[in-house]
Amino acid sequence: MKLKKLMALGMAAVMTLSLTACGGKSDTPSNSSSATDNNASADKSTTGNDTPADSSASADNAEGAVGGLTYGSITLGEDYTDLTASIKFIHHKTDREQDGSMAKYIEAFNQDYPNITVETEGITDYAQTALLRLPTGAAWGDVMFIPAIDMVELPDYFIPYGTVDEMSQYINFADQWKFEGNSYGVGFMGNAQGLLYNKKVFADAGITELPKTPTEFIAALQQIKDNTDAIPLYTNYAAGWTMGGQWDAFLGAITTGDTTWLNQKFAHTAEPFKDNGDETGAYALYKILYDAVANGLTEEDYTTTDWEGCKGMINRGEIGTMVLGSWAIAQMKEADANGSDIGYMPFPITVNGKQYATAGPDYCFGINKESSADNQTAAMVFVKWMVEKSGWCDNEGGYPISKTAPTSFVFEGVEVVNNEAAPDDEADLMNQMNAECELNFNNGGDRKVQEIVEAAATGSMTYDEIMANWTERWNDAQSSLGVDVTE
């Protein structure tokens, strides 16, 4: 990859990964054959000398890395326990470096694999730094969280863990980083879309069942206002990224029940913001925020919200609910002494009697193609141990990556789905529509959602007037781009 392209992709990564829970962005929300290499012993207790990996085999072998190494072929605690290697892992979770968590994970790993030394480096501006380091080959280390590159370039930098079909037996989201049927990335945690809430506040307010519709949710917020001293819904208006970045995340399957709506139908829809009359769709989604503000169910002065301060506030029961991805669960639990009071609920929209949630991986582990055979083996053992045994995903409150590791994540009565991708010939259509109408859905469109808060607080526009304005801008963009409007 050319350096200029890497730098350009770095800017894209800032946008596409802005919803992840990263340490460097802790103030922001922050994808079976033998596993022996050519010199390995038959029982996989060790591999041979630190010889360079055959790069063509690493890139092209559909079975996995050198010698047919795959994720599924490794039995933790039995294979490679005598392997001696030193590997480096670079990542974005600087908070876990600072609080000692990463060191504890490595210490626990070394109880099973005492001869594999793991050096870790947390990087604050990870999205761009990782892209700049990527072309340096073995110099950057052995394991990294895959930055924003094109799928076709995966074999240039990383080895596969196995085929997507094989990996799907062990992990969720095995197809997040795929090329030619092979899986190149394993998530360290998953992110689901829903609402944080304080269980004690709900109980004190007399709320006995989680709300499933906008009407029920607004009623629950009113109960919190009437029966407690907590702020019912904290908007986090002043932070900016907590607006469009969070509310837009519910567009698509969560609010329509249709996994094809967001990336295949939205751009072609004539009136995507119309009132469906059944509390579903984009209209119902943003109306929840408007109604909450208009009815005095949010903080008194939206301009003074405090992102860092709100963490302790919801922990102590001073806030009832906040709209944030599941990545935020751990931060809120750790903010004060009442972590057990933090809960996570599905977004309160029901489609034909069913609630939906979308989930996907956060950053994904990738293993360096240029690492030695021993280091690739040690790296894959390390990745599998982190996913299956470390408890990292669960400790972060993440949606589970492993299909076998214990998890405390609960989303009862909800169908977890993914919004299906756009067809290849329309892969860039939403980007074009966003640029033309300047609403920027799922692309940093914070101002449009902040304007909902402002209009509701001041009465400057009704909600229907806002939706009419959005529709006009959407239709103008469709006309300018020559988009075929089918609905």
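This is a predicted model: local features need pLDDT of at least 70, side-chain atom pairs count only at pLDDT 80 or more; totals for chains, interfaces and linings use all residues.
A residue counts as buried here when its relative accessible area is under 20%.

Most residues other than glycine have a negative phi. You will find Tyr80 in the loop between α2 (55-60) and β1 (85-91). Its relative accessibility is 0%, so Tyr80 counts as buried.

Asn236 also has a positive phi, of about 60°, without being a glycine. Asn236 sits in the loop between β9 (231-234) and α10 (244-247). Buried or exposed? Because its relative accessibility is 2%, Asn236 counts as buried.

The loop between α2 and β1 holds Thr75 as well. Thr75 is partly exposed, with a relative accessible area of 35%. Thr75 and Lys384 are 309 residues apart in sequence, yet their C-alpha atoms are 9.3 Å apart in space.

**Two helix pairs**

Two packed helices are described by the angle between their axes and the distance between the axes. Here are two pairs from this model:

| Helix pair | Angle between axes | Axis distance |
|---|---|---|
| α9 (residues 214-227) and α13 (residues 281-294) | roughly 20° | within 10 Å |
| α4 (residues 101-112) and α16 (residues 373-388) | about 115° | 11 Å |

Take α9 and α13, whose axes cross at roughly 20°. Angles under 35 degrees count as roughly parallel, and therefore α9 is roughly parallel to α13. The crossing of α9 past α13 is right-handed. On the α9 side, the contact is made by Pro214, Phe217, Ile218 and Leu221, while α13 brings Ala284, Ile288, Asp291 and Ala292. By class, the residues of this contact are seven nonpolar, no polar and one charged.

Now turn to α4 and α16, which pack at an angle of about 115°. The range from 65 to 115 degrees counts as roughly perpendicular, so that is how α4 stands to α16. The crossing of α4 and α16 is right-handed. Which residues of α16 make the contact? They are Val381, Phe382, Trp385 and Met386, and they meet Met102, Tyr105, Ile106, Ala108, Phe109 and Asp112 of α4. The contact of α4 with α16 divides into nine nonpolar, no polar and one charged residues.

**Strands and their partners**

In a regular strand the side chains alternate between the two faces of the sheet. Strand β13 (residues 364-367) is covered on both faces: Cys364 and Gly366 lie on one side, Phe365 and Ile367 on the other, and all are buried. Strand β3 (residues 143-145) pairs with β13 in the antiparallel sense over three bridges. Within that pairing, Ile367 of β13 is the bridge partner of Val143. Strand β7 (residues 186-187) is also antiparallel to β13, joined by two bridges, and there Gly187 stands opposite Cys364.

Elsewhere, three strands form an open sheet in the order β4-β6-β5, with antiparallel pairing. Its edge strands are β4 (162-163) and β5 (178-179), each of which pairs on one side only. Between β4 and strand β6 (residues 182-183) there are two bridges, and these strands run antiparallel. Asn182 in β6 is the bridge partner of Thr163.

Notes: Residues are numbered from 1 along each chain as its sequence is written. Side-chain values use heavy atoms; hydrogens and water are left out. Helices (H or I, at least four residues) and strands (E, at least two) are DSSP runs, numbered from the N terminus. Buried means under 20% relative accessible area, exposed over 50%, partly exposed in between (1.4 Å probe, protein chains only). Axes are lines fitted to C-alpha atoms, for helices over the stretch in contact, and angles run from 0 to 180 degrees between N-to-C directions. Angles under 35 degrees count as roughly parallel, over 145 as roughly antiparallel, 65 to 115 as roughly perpendicular and the rest as oblique. A crossing is left-handed if the near helix is turned anticlockwise from the far one by less than a right angle, and right-handed if clockwise. Contact means heavy atoms within 4.5 Å. Ala, Val, Leu, Ile, Met, Phe, Trp, Tyr, Cys and Pro count as nonpolar, Asp, Glu, Lys and Arg as charged, and the others, Gly among them, as polar. Two strands pair if DSSP finds at least two bridges between them.
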